[in-house]
Amino acid sequence: LSNQITNIKALFRDCLAENYQILSIVVVQWWFNSHINSPVRKAIAGCLNQIKDENFIKLIVEQIARRLKSDCEDCEDEDVYKVIKNIQRCLDNFKSGEIGVVQEIQLVVPFLQENLQNKIEAVCEEDVTPVDKAAFTDEALEIIRVLVAVTKGRFDLLPEETKNGLQTFMFKVVYHNGLPLDLRSNAGIIYIGSVMDKHKIFALLETDCTEGDFLKNFGAKLCLAHGVLSCFTINQLSEKSASEESVIMLLLKMYMNISKANHDTG
(Lines give C-alpha, C1' and ligand atoms only; values in the text may rest on other atoms or scores of the structure.)
Protein backbone atom coordinates (compact mmCIF):
# COMPACT_ATOMS: atom_id res chain seq x y z
CA LEU A 1 0.00 0.00 0.00
CA SER A 2 2.76 2.45 0.92
CA ASN A 3 4.47 1.68 -2.40
CA GLN A 4 1.23 2.36 -4.28
CA ILE A 5 0.81 5.73 -2.58
CA THR A 6 4.45 6.60 -3.25
CA ASN A 7 3.96 5.72 -6.92
CA ILE A 8 0.81 7.83 -7.11
CA LYS A 9 2.66 10.86 -5.78
CA ALA A 10 5.51 10.20 -8.20
CA LEU A 11 3.07 10.35 -11.14
CA PHE A 12 2.31 13.97 -10.37
CA ARG A 13 5.87 15.01 -9.68
CA ASP A 14 7.27 17.09 -12.56
CA CYS A 15 4.62 15.81 -14.94
CA LEU A 16 5.04 17.19 -18.45
CA ALA A 17 2.14 19.13 -19.99
CA GLU A 18 2.08 16.72 -22.93
CA ASN A 19 1.15 13.92 -20.48
CA TYR A 20 -1.69 15.79 -18.76
CA GLN A 21 -4.41 14.25 -20.92
CA ILE A 22 -3.45 10.61 -20.43
CA LEU A 23 -2.65 11.12 -16.74
CA SER A 24 -6.01 12.77 -16.10
CA ILE A 25 -7.80 9.79 -17.69
CA VAL A 26 -5.77 7.24 -15.72
CA VAL A 27 -5.96 8.82 -12.27
CA VAL A 28 -9.66 9.72 -12.50
CA GLN A 29 -10.61 6.19 -13.54
CA TRP A 30 -8.30 4.83 -10.84
CA TRP A 31 -10.04 7.00 -8.26
CA PHE A 32 -13.55 5.95 -9.35
CA ASN A 33 -12.68 2.24 -9.57
CA SER A 34 -10.89 2.02 -6.22
CA HIS A 35 -12.71 0.80 -3.12
CA ILE A 36 -14.88 3.51 -1.55
CA ASN A 37 -12.77 3.74 1.63
CA SER A 38 -9.42 2.94 0.04
CA PRO A 39 -6.40 4.98 1.23
CA VAL A 40 -5.41 5.03 -2.45
CA ARG A 41 -8.48 7.15 -3.15
CA LYS A 42 -7.48 9.64 -0.48
CA ALA A 43 -3.95 9.78 -1.86
CA ILE A 44 -5.21 10.47 -5.39
CA ALA A 45 -7.65 13.15 -4.20
CA GLY A 46 -4.90 14.72 -2.11
CA CYS A 47 -2.57 14.88 -5.12
CA LEU A 48 -5.31 16.29 -7.34
CA ASN A 49 -6.07 18.98 -4.75
CA GLN A 50 -2.43 20.11 -4.97
CA ILE A 51 -2.45 20.71 -8.74
CA LYS A 52 -1.90 24.36 -9.65
CA ASP A 53 -1.83 24.19 -13.45
CA GLU A 54 -5.25 25.39 -14.70
CA ASN A 55 -5.07 23.33 -17.90
CA PHE A 56 -4.36 20.18 -15.92
CA ILE A 57 -7.23 20.95 -13.50
CA LYS A 58 -9.58 21.51 -16.44
CA LEU A 59 -8.70 18.09 -17.87
CA ILE A 60 -9.19 16.39 -14.48
CA VAL A 61 -12.61 18.02 -14.01
CA GLU A 62 -13.59 17.07 -17.55
CA GLN A 63 -12.81 13.40 -16.86
CA ILE A 64 -14.69 13.45 -13.55
CA ALA A 65 -17.74 15.06 -15.17
CA ARG A 66 -17.68 12.51 -18.00
CA ARG A 67 -17.54 9.61 -15.57
CA LEU A 68 -20.38 11.01 -13.46
CA LYS A 69 -22.49 11.58 -16.57
CA SER A 70 -21.89 8.02 -17.75
CA ASP A 71 -22.64 6.55 -14.32
CA CYS A 72 -25.86 8.52 -13.84
CA GLU A 73 -27.17 7.74 -17.32
CA ASP A 74 -26.24 4.05 -17.55
CA CYS A 75 -26.15 2.82 -13.97
CA GLU A 76 -27.10 -0.82 -13.35
CA ASP A 77 -29.21 -1.54 -10.27
CA GLU A 78 -26.34 -3.30 -8.51
CA ASP A 79 -24.07 -0.28 -9.01
CA VAL A 80 -26.41 2.41 -7.67
CA TYR A 81 -24.92 2.40 -4.18
CA LYS A 82 -21.36 2.83 -5.49
CA VAL A 83 -22.37 5.68 -7.81
CA ILE A 84 -24.07 7.49 -4.92
CA LYS A 85 -21.01 6.99 -2.70
CA ASN A 86 -18.78 8.30 -5.50
CA ILE A 87 -20.90 11.45 -5.73
CA GLN A 88 -20.63 11.85 -1.96
CA ARG A 89 -16.85 11.37 -2.05
CA CYS A 90 -16.53 13.93 -4.84
CA LEU A 91 -17.93 16.50 -2.38
CA ASP A 92 -15.66 15.41 0.47
CA ASN A 93 -12.58 17.66 0.46
CA PHE A 94 -12.02 17.02 -3.26
CA LYS A 95 -12.02 20.31 -5.18
CA SER A 96 -11.98 18.88 -8.70
CA GLY A 97 -14.61 16.31 -7.71
CA GLU A 98 -16.96 19.00 -6.44
CA ILE A 99 -16.56 21.04 -9.63
CA GLY A 100 -17.28 17.90 -11.64
CA VAL A 101 -20.49 17.26 -9.69
CA VAL A 102 -21.60 20.86 -10.20
CA GLN A 103 -20.96 20.59 -13.94
CA GLU A 104 -23.24 17.55 -14.13
CA ILE A 105 -25.74 18.69 -11.49
CA GLN A 106 -28.61 18.56 -14.00
CA LEU A 107 -28.05 14.79 -14.27
CA VAL A 108 -26.90 14.10 -10.72
CA VAL A 109 -29.95 15.57 -8.98
CA PRO A 110 -32.60 13.61 -10.97
CA PHE A 111 -30.51 10.46 -10.49
CA LEU A 112 -30.43 10.93 -6.72
CA GLN A 113 -34.10 11.93 -6.57
CA GLU A 114 -35.21 8.88 -8.54
CA ASN A 115 -33.28 6.49 -6.31
CA LEU A 116 -34.45 8.26 -3.16
CA GLN A 117 -38.04 7.94 -4.33
CA ASN A 118 -37.54 4.22 -4.98
CA LYS A 119 -36.20 3.71 -1.45
CA ILE A 120 -39.02 5.68 0.16
CA GLU A 121 -41.61 3.72 -1.80
CA ALA A 122 -39.95 0.51 -0.60
CA VAL A 123 -40.09 1.76 3.00
CA CYS A 124 -43.82 2.45 2.65
CA GLU A 125 -44.74 -0.93 1.15
CA GLU A 126 -47.30 -2.68 3.35
CA ASP A 127 -45.65 -6.10 3.15
CA VAL A 128 -42.05 -4.96 3.77
CA THR A 129 -40.32 -6.83 6.59
CA PRO A 130 -38.95 -4.87 9.58
CA VAL A 131 -35.38 -5.78 8.59
CA ASP A 132 -35.85 -4.65 4.99
CA LYS A 133 -37.66 -1.51 6.12
CA ALA A 134 -34.73 -0.56 8.35
CA ALA A 135 -32.27 -1.20 5.50
CA PHE A 136 -34.32 0.84 2.99
CA THR A 137 -34.63 3.66 5.53
CA ASP A 138 -30.86 3.78 6.08
CA GLU A 139 -30.28 3.84 2.33
CA ALA A 140 -32.84 6.62 1.87
CA LEU A 141 -31.14 8.66 4.60
CA GLU A 142 -27.78 8.25 2.91
CA ILE A 143 -29.16 9.35 -0.46
CA ILE A 144 -30.99 12.39 0.89
CA ARG A 145 -27.88 13.57 2.75
CA VAL A 146 -25.95 13.43 -0.51
CA LEU A 147 -28.80 15.30 -2.21
CA VAL A 148 -28.61 18.01 0.45
CA ALA A 149 -24.86 18.37 -0.14
CA VAL A 150 -25.27 18.50 -3.93
CA THR A 151 -28.12 21.03 -4.03
CA LYS A 152 -27.39 23.39 -1.15
CA GLY A 153 -26.82 26.85 -2.60
CA ARG A 154 -26.98 25.52 -6.16
CA PHE A 155 -30.70 25.47 -7.01
CA ASP A 156 -30.17 28.24 -9.56
CA LEU A 157 -28.16 25.74 -11.65
CA LEU A 158 -31.16 23.43 -12.03
CA PRO A 159 -33.75 23.64 -14.83
CA GLU A 160 -37.05 25.02 -13.55
CA GLU A 161 -38.82 21.71 -14.21
CA THR A 162 -36.25 19.76 -12.20
CA LYS A 163 -36.35 22.26 -9.33
CA ASN A 164 -40.15 22.28 -9.20
CA GLY A 165 -40.30 18.48 -9.26
CA LEU A 166 -37.74 18.24 -6.46
CA GLN A 167 -39.58 20.87 -4.45
CA THR A 168 -42.92 19.06 -4.75
CA PHE A 169 -41.38 15.72 -3.83
CA MET A 170 -39.57 17.13 -0.78
CA PHE A 171 -42.73 18.82 0.46
CA LYS A 172 -44.50 15.45 0.37
CA VAL A 173 -41.64 13.83 2.28
CA VAL A 174 -41.71 16.58 4.92
CA TYR A 175 -45.43 16.01 5.52
CA HIS A 176 -45.28 12.21 5.42
CA ASN A 177 -45.84 11.26 9.06
CA GLY A 178 -44.89 7.64 8.41
CA LEU A 179 -41.26 8.50 7.64
CA PRO A 180 -38.47 9.07 10.19
CA LEU A 181 -37.97 12.65 11.36
CA ASP A 182 -34.30 12.60 10.30
CA LEU A 183 -35.31 11.89 6.69
CA ARG A 184 -38.01 14.55 6.77
CA SER A 185 -35.65 17.13 8.32
CA ASN A 186 -33.22 16.70 5.42
CA ALA A 187 -36.16 17.04 3.04
CA GLY A 188 -37.00 20.28 4.86
CA ILE A 189 -33.54 21.65 4.10
CA ILE A 190 -33.93 20.88 0.40
CA TYR A 191 -37.49 22.23 0.26
CA ILE A 192 -36.65 25.54 1.95
CA GLY A 193 -33.46 25.88 -0.09
CA SER A 194 -35.42 25.40 -3.31
CA VAL A 195 -38.11 27.91 -2.31
CA MET A 196 -36.16 30.74 -0.60
CA ASP A 197 -39.27 32.89 -1.02
CA LYS A 198 -39.64 34.78 2.24
CA HIS A 199 -43.35 35.47 1.76
CA LYS A 200 -44.12 31.78 1.20
CA ILE A 201 -41.93 30.80 4.16
CA PHE A 202 -43.53 33.43 6.40
CA ALA A 203 -46.92 31.95 5.50
CA LEU A 204 -45.72 28.49 6.54
CA LEU A 205 -44.26 29.72 9.83
CA GLU A 206 -47.20 31.96 10.77
CA THR A 207 -49.74 29.12 10.68
CA ASP A 208 -51.76 29.09 13.91
CA CYS A 209 -50.24 26.38 16.11
CA THR A 210 -53.49 25.67 17.89
CA GLU A 211 -55.93 25.17 15.05
CA GLY A 212 -56.63 23.06 11.98
CA ASP A 213 -54.21 20.60 10.46
CA PHE A 214 -51.22 22.06 12.29
CA LEU A 215 -51.95 19.79 15.26
CA LYS A 216 -51.36 16.81 12.97
CA ASN A 217 -48.18 18.27 11.47
CA PHE A 218 -45.92 19.30 14.34
CA GLY A 219 -43.17 17.08 12.92
CA ALA A 220 -43.47 18.70 9.49
CA LYS A 221 -43.25 22.18 10.99
CA LEU A 222 -40.13 21.23 12.92
CA CYS A 223 -38.58 19.93 9.70
CA LEU A 224 -39.39 23.15 7.87
CA ALA A 225 -37.96 25.16 10.77
CA HIS A 226 -34.79 23.08 10.58
CA GLY A 227 -34.65 23.88 6.87
CA VAL A 228 -34.96 27.62 7.56
CA LEU A 229 -32.17 27.55 10.15
CA SER A 230 -29.95 25.58 7.77
CA CYS A 231 -30.53 27.78 4.72
CA PHE A 232 -31.06 31.31 6.02
CA THR A 233 -28.29 33.77 6.84
CA ILE A 234 -28.35 35.82 10.04
CA ASN A 235 -29.66 38.80 8.09
CA GLN A 236 -32.44 36.74 6.52
CA LEU A 237 -33.46 35.40 9.94
CA SER A 238 -33.87 38.97 11.15
CA GLU A 239 -36.15 40.00 8.26
CA LYS A 240 -39.70 40.89 9.28
CA SER A 241 -43.02 39.71 7.89
CA ALA A 242 -46.15 41.79 7.28
CA SER A 243 -47.03 41.21 10.95
CA GLU A 244 -43.70 42.87 11.89
CA GLU A 245 -42.29 39.68 13.39
CA SER A 246 -38.87 38.43 12.34
CA VAL A 247 -38.24 34.93 11.03
CA ILE A 248 -36.32 34.00 14.18
CA MET A 249 -39.18 35.20 16.42
CA LEU A 250 -41.70 33.22 14.39
CA LEU A 251 -39.51 30.15 14.81
CA LEU A 252 -39.20 30.68 18.56
CA LYS A 253 -42.97 31.09 18.89
CA MET A 254 -43.53 27.93 16.93
CA TYR A 255 -41.08 25.98 19.10
CA MET A 256 -42.77 27.26 22.26
CA ASN A 257 -46.26 26.38 21.01
CA ILE A 258 -45.15 22.89 20.02
CA SER A 259 -43.52 22.28 23.41
CA LYS A 260 -46.64 23.51 25.25
CA ALA A 261 -48.92 21.30 23.17
CA ASN A 262 -47.12 18.15 24.36
CA HIS A 263 -47.98 16.56 21.04
CA ASP A 264 -46.17 13.73 19.23
CA THR A 265 -43.90 15.25 16.55
CA GLY A 266 -43.46 12.02 14.64
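I248 is placed in helix 14, and in this predicted model the residue counts as partly exposed, because its relative accessible area is 33%. I248 belongs to a nonpolar surface patch of about 400 Å², which is made by L229, I248, M249, L252 and Y255. Helix 14, which covers residues 247-261, gives the most to this nonpolar patch, with 4 residues.

Is the lysine K221 buried or exposed? K221 is buried, because its relative accessible area is 6%, and a residue counts as buried when that value is under 20%. The side chain of K221 makes a polar contact with the side chain of Y175, at 3.4 Å.

E78 counts as exposed because its relative accessibility is 64%, where the cut-off for an exposed residue is over 50%.

The next loop to consider is the one between helix 5 and helix 6 (95-103), and in it N93 is found. The phi angle of N93 is near 55°, which is a positive value in a residue other than glycine. N93 is also exposed, because its relative accessible area is 65%.

The account now moves to charged pairs. Side chains of opposite charge can pair when their charged atoms come close. How many salt bridges does the structure hold? The structure holds 8 salt bridges, and among them is the one in which the side chains of D71 and R67 meet, at 3.0 Å from N to O. Both D71 and R67 lie in helix 4, where they are 4 residues apart, or about one turn of the helix. D71 counts as buried because its relative accessibility is 15%, and R67 counts as buried because its relative accessibility is 16%.

Helix 4 also holds the pair K69 and E73, whose side chains meet in a salt bridge at 3.2 Å from N to O. Why are K69 and E73 separated by about one helical turn? The separation is about one helical turn because K69 and E73 are 4 residues apart in helix 4. K69 is partly exposed, with a relative accessible area of 33%, and E73 counts as partly exposed at 43% relative accessibility.

A further salt bridge is formed by R154 with E98, and the closest N and O atoms of this pair are 2.5 Å apart. R154 lies in the loop between helix 8 (130-151) and helix 9 (160-174), whereas E98 lies in helix 6, so the pair ties together parts that are 56 residues apart in sequence. R154 counts as buried because its relative accessibility is 15%, while E98 counts as partly exposed because its relative accessibility is 32%.

Conventions: Residues numbered from 1 in each chain as written. Predicted model: local features only at pLDDT ≥ 70, side-chain atom pairs only at ≥ 80, totals over all residues. Heavy atoms only, no water. Buried < 20%, exposed > 50% of the residue type's maximum accessible area, 1.4 Å probe, protein only. Polar contact = N/O pair within 3.5 Å; in protein donor to acceptor, adjacent residues only side chain to side chain. Helix = DSSP H or I, 4+ residues; strand = E, 2+ residues; numbered from the N terminus. Patch = residues over 30% accessible without salt bridge, like charges linked within 9 Å, V, L, I, M, F, W, Y side chains within 5 Å. Areas by Shrake-Rupley, 256 points an atom, 1.4 Å probe, with all protein chains shown as cover. Salt bridge = Lys/Arg side-chain N within 4 Å of Asp/Glu carboxyl O.
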